[in-house]
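Here is a short briefing on selected features of one structure.

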Amino acid sequence: MAEPYSHPPEDGREGVALEAHLSDVADRVAHVVPDDATTPTDESLRSVVETLAWVHDFGKATTYFQEYLLKDHDADPPMLRHHAPIGSFAAYQALDTQGFDTETCLAGFVAVAKHHGNLPNVAEYVVDRTHRRDGASRQNSVEKRQTVVLKQIKDIYDNVPDLAKKVFENATGSAEGWESFVRKYQSGSLLSEIEETVGTETAGRGVDPDTLSSSCYGLVLQCWSALVLADKTSAAGATNESETYTPRQPGLETLSEYIEDLEAGVTADTDGTKTERLNFHRSEARKDVLDNVASFAESGGGIGTLTLPTGMGKTLTGLSAAFALRDALDGDRVVYALPFTSIIDQVVDEIEAIYETDTAGRLFTAHHHLAETTIRDIDDQSADDADRNDDIAGMLGESWRAGLTVTTFVQLFESLAGPQNRQSMKLPALRDAVVILDEPQSLPLDWWKLVPRLVDVLTEQYDATVIAMTATQPRLFEDEFELVDDPDRYFEVVRRVSYALDESTERYIESQSEPKPYAAAANELREVVESGQTTLAVCNTIDSARELTEQVGDDGFVDVGRLYDDELQNQGTVEDVDPVEIAKNVAATDDNALLHLSTRLRPADRLTLIETAKELTERDHPTLTISTQLVEAGVDISFDRVFRDLAPIDSIVQAAGRCNRSFEREQGVVTVWWLDVPDDQSKTPAEAVYNRGTTLLPTVADTLRQIRDESGSLSEIDVARRGVERYFERLREDKDVGKQTYADWVDDAKAKELGTISLIDEQLSAEIIVSRTPAERERAEAIRNAQHNFEFEELRQLLDETKPLRISVPYYSEDSETADAITDLPPLVEDEGIYELDVQQNPSHFDRTTGFVVPEASVDHQFL
C-alpha cells in the first residue's frame, strides 16, 4: 500500500501523509500544553498529550480508511473505516507502556476515542467498549466493534507494519510497542485490563461509582481539549509556530495610565464636587485591591472576591487586579466573563479605547453568540487562501488565544460542563489564566453547586485564578480571599440612595395580596417625571414593561423609539444613527422623554437607545425609561429615581446601581413596588419569574421585613450589605439552592450528563432577523441569493453581519399563538430556523416603541 494519507489531496492542495500529520500534531502539543503542566498524580501532562497525538489517527493507516478517503466515500462496511476506536486502545497501551497512572491511561483512551466527538460518561463508556461475554454464541454490538478493531490491526500488520512500528516507537519510546499492542489486544488481556479500571462487577456489565477519582473529569478535559486543539489547527493548516498560539498581553501600565488620567485631581476634601469625591474613593479602592494582590499571589492564588458598590469602577479595578495577578503568577491570559451579552459591548468599547485596538488580534477578543470572533495575522493574502485563513482566524479566536478575552458565563461554564467538540478548544487557554466572574450572583440557581465545582477544576487542575466581582456577593465559593480590605467602608462613603417600600410591597410582605395596578403605577411615574426627575422603571417581564409603557401613554411625552426610527430611516444603517442627534431632537420638543427597552428590540437598537437615554439623563432632560432587567448589570447610566418591581434582593440592589450613579443629587430614591397581573395572565410578573421552582419571594419578603424592622428605615448599607448577606444565607441554608446532582456528575466523570444542561432555559425559540431599512432588506435578499447559489462562505459571513439585527423569540409549543405569529413570517434560512421580519411587509408584527409584537404572548416565556 502507498504511504497512507491523513487528509487527501483536494481543491488543488497536496494531500497530507499520515505520519507527517501525527508528527505535526505531536509537535504542536508543546505550544498548547505548558512544560510544567501536570496530571493529578504529578506526571507530565505534555508527555501524555504528545503520546496521544502520535496515535490519535493511527486507525487511518488501514486500507479500509484509505479506500474511503481516496476512492469511495460510501465504502462498506462503515465500521471498518472508523479510525478512533483502534486509536483509543493504542493510546491506553502506549501510556501504560510508559508507566503512567491507570487513570491517566483511561483519560487518554477516552480523549482519543472522542477527538472528533463529544465526551461520554467515562465509566459507562469504557465498559461499553471493553466488556466481553464468556461463551456467548452470537456477538452483540460491543463484541462486533471489538472484532472490527482486530481486523484493522491485522490489516495494518499486513500492509504497513513499518509505519506502525515507527508510530508506536515515537509514542512510547520502545521498539516493541507495536508488537506488544498486537499481542495484548488479540489475547483480550488489554480489553480486560481497561475494563477493570472502572471496577466492573463480576456478574456482568456494571460500574463501581467509587472507582474513578474526583479529579478524573478534569484530567479527561485536559487531555481531550489539548489534543482537539492541536489536531484541528494542524488539519486547518495553521502555522506550526509558537506565535500561532501565543497571546499579546494587555499591559497593566497602559491601563494604569488611562485610569490616572480619569482620576486626575481627585480629592476627598468636602469642598470638592461629589464626582471628585467619588473618583477619590474609586482610586482608594483600586489601590486597596492592588495592595492585596501581592498577598493573594503569594498564597498561590485560588479564588478571590472583589466586593464594591455599583459605580465604584469595578470593571477597571477588576482588570487591574487581573493583570497584576497575571504578571505576579507568570500567567498568559485573562478571561473576563459576564452574565449577559447585553452588557458586553460597553466593556469591549472601553478596552478598545484604552489599548487603541479592536477585537480581531492577539491582544484582545470578544466571544459570544453575537460576536464575530477572530484572530487575524494575515493582511495580504491571495483569494485562494482567504477562506482557509478565515477558518483559522475563527478557530484561534474561539480558542481564546488572545491575551484578553471578554465572554459570557455561557461560553465559559458550558465549555467546562460537557462541552461540544469545538467548544473544548478554548480550555487549554484557561491554564494559568486569571478568570474574572463579573456579577456571579446572576448565575442560575440550579448551577450554584456546579459552578463552584467547576471553579475547583479551574483552580486545582488548570492552575487558574478566579476573581468573583460584584456589589452583591453570593458567597458561592469556599476559602475566598477578599481583595477589598473593608467593603463596608466603600458602601458607607457612597450612600447614594435610600430605599422605599411601596404600599403594594408592604402588602406583599404582610399578606401577599393587592398588587399595584398599572394605571396607578403609571400615574406615579408621570408625577415624578413631571417634577423634572429622570426616572427608570424596571419590570420583570416583557409584557409587564409593555403594559406599563402603554399605561403611561404619550400625553406630554415624546416617544424616543419613534424618533429613533425616523433617524434610522433617514440614515439607512444603525451604525450611522447618532444618539446625540436623537437627544437634541427630543430636547427640541420641550416634552418629557419616554423610552422603552426589552429584548423584543434588536441588540443594535437597544444599544443606541441606551446611549440616547444616557445623553438625555446627562442633560437632565426629564426622561422616563421603562425596561426589563437588561439595564440592571453593567449599563453605565444614572437616573434620579428608580422603581423596581419586586425581585430578589440582589436584583433590587443592581437596579439601584442605576440611581444617582455619579452623585447628581444628594441622594436618590429606589422604590420597590409589586406590580399587578398584565392582561390575560394569571400571575403577577414577580411571582411568575421568581416563584418558579424555588420560591424566592417569601425569602425576599422575610429579609426585607427583618432589615426594615431593625433599622426603622432602609438605608443603602441596610439593603446592599446586610440584606444581601442575609438573603443569600437564607437561600443556601433554607432553600439549599443548587442541584447537587450536577456537581456529582463532575465527581463521577459523567460528561454526557453534563452536556445535557444549559445556563439558558431550554425552550423552543426562533431567530428572527428584523429588517427596518432598505439596506437591511438588501442584506436579507443577499442571504437568500447566497443560499440559493450554494455560496456557503458568503452565506456565513452575511449571517454573521446580521447578529446585531436579530431577536430570539421563545414559545412553548408548535401550536401556540406565538408560534403561529412566527410562522406567519417568511423563513430566511430554513435549515437554521431563521426567519425575516420585514417591518414594511409585516407591520402588524412590529411596533416602533416596543419592537416585535407577539399576540397573546405568555408571561412564562417573556423573561429577559
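Helix α26 (residues 603-618) lies across β13 and β14, and runs at about 150 degrees to β13. Helices (H or I, at least four residues) and strands (E, at least two) are DSSP runs, numbered from the N terminus. Axes are lines fitted to C-alpha atoms, for helices over the stretch in contact, and angles run from 0 to 180 degrees between N-to-C directions. Contact means heavy atoms within 4.5 Å.

This is a predicted model, in which local features need pLDDT of at least 70, side-chain atom pairs count only at pLDDT 80 or more, and totals for chains, interfaces and linings use all residues. Residues are numbered from 1 along each chain as its sequence is written, and side-chain values use heavy atoms, with hydrogens and water left out.

- Strand β13 (residues 592-597) pairs with strand β14 (residues 623-627) in the parallel sense, over five bridges. Two strands pair if DSSP finds at least two bridges between them.
- A593 has T623 of β14 as its bridge partner.
- The open sheet holds seven strands in the order β10-β16-β15-β11-β14-β13-β12, with parallel pairing.
- At the edges stand β10 (497-501) and β12 (557-559); each has a single partner strand, so one side of each lacks a neighbour in the sheet.
- On average, neighbouring strands of this sheet are turned by 20 degrees against each other, direction ignored.

- Five of the five residues of β20 (residues 834-838) are buried. Buried means under 20% relative accessible area, exposed over 50%, partly exposed in between (1.4 Å probe, protein chains only).
- In a regular strand, side chains alternate between the two faces of the sheet.
- In β20 both faces are covered: I834, E836 and D838 are buried on one side, Y835 and L837 on the other.
- Strand β17 (residues 764-771) pairs with β20 in the parallel sense over five bridges. I769 has E836 as its bridge partner in β20.
- Strand β19 (residues 827-829) pairs with β20 in the antiparallel sense over two bridges. V829 stands opposite I834.
- β19 and β20 form a hairpin with four residues between them. G833 in the turn has a positive phi of about 65 degrees.

**Helix pair α15 and α16**

- Helix α15 (residues 314-328) packs against helix α16 (residues 344-355) at an angle of about 60 degrees, with axes 12 Å apart.
- α15 and α16 are therefore oblique to each other. Angles under 35 degrees count as roughly parallel, over 145 as roughly antiparallel, 65 to 115 as roughly perpendicular and the rest as oblique.
- T315, L316, L319 and F323 of α15 make the contact with V347, E350, I351, I354 and Y355 of α16.

**The loop between α18 and β7**

- A433 lies in the loop between α18 (409-413) and β7 (434-438). A433 is buried, at 1% relative accessibility.
- Leaving aside neighbours within four places in sequence, A433 is in contact with R333, A464 and T465.
- S424 lies in the loop between α18 and β7. S424 is buried, at 0% relative accessible area.
- Leaving aside neighbours within four places in sequence, S424 is in contact with W224, S225, V228 and P419.

**Cysteines**

- The count is zero disulfides, a disulfide being a pair of cysteine sulfur atoms within 2.5 Å.
- For C105, the nearest cysteine sulfur is that of C223, 10 Å away. C105 is buried, at 0% relative accessible area.
- For C223, the nearest cysteine sulfur is that of C216, 9.4 Å away. C223 is buried, at 0% relative accessible area.
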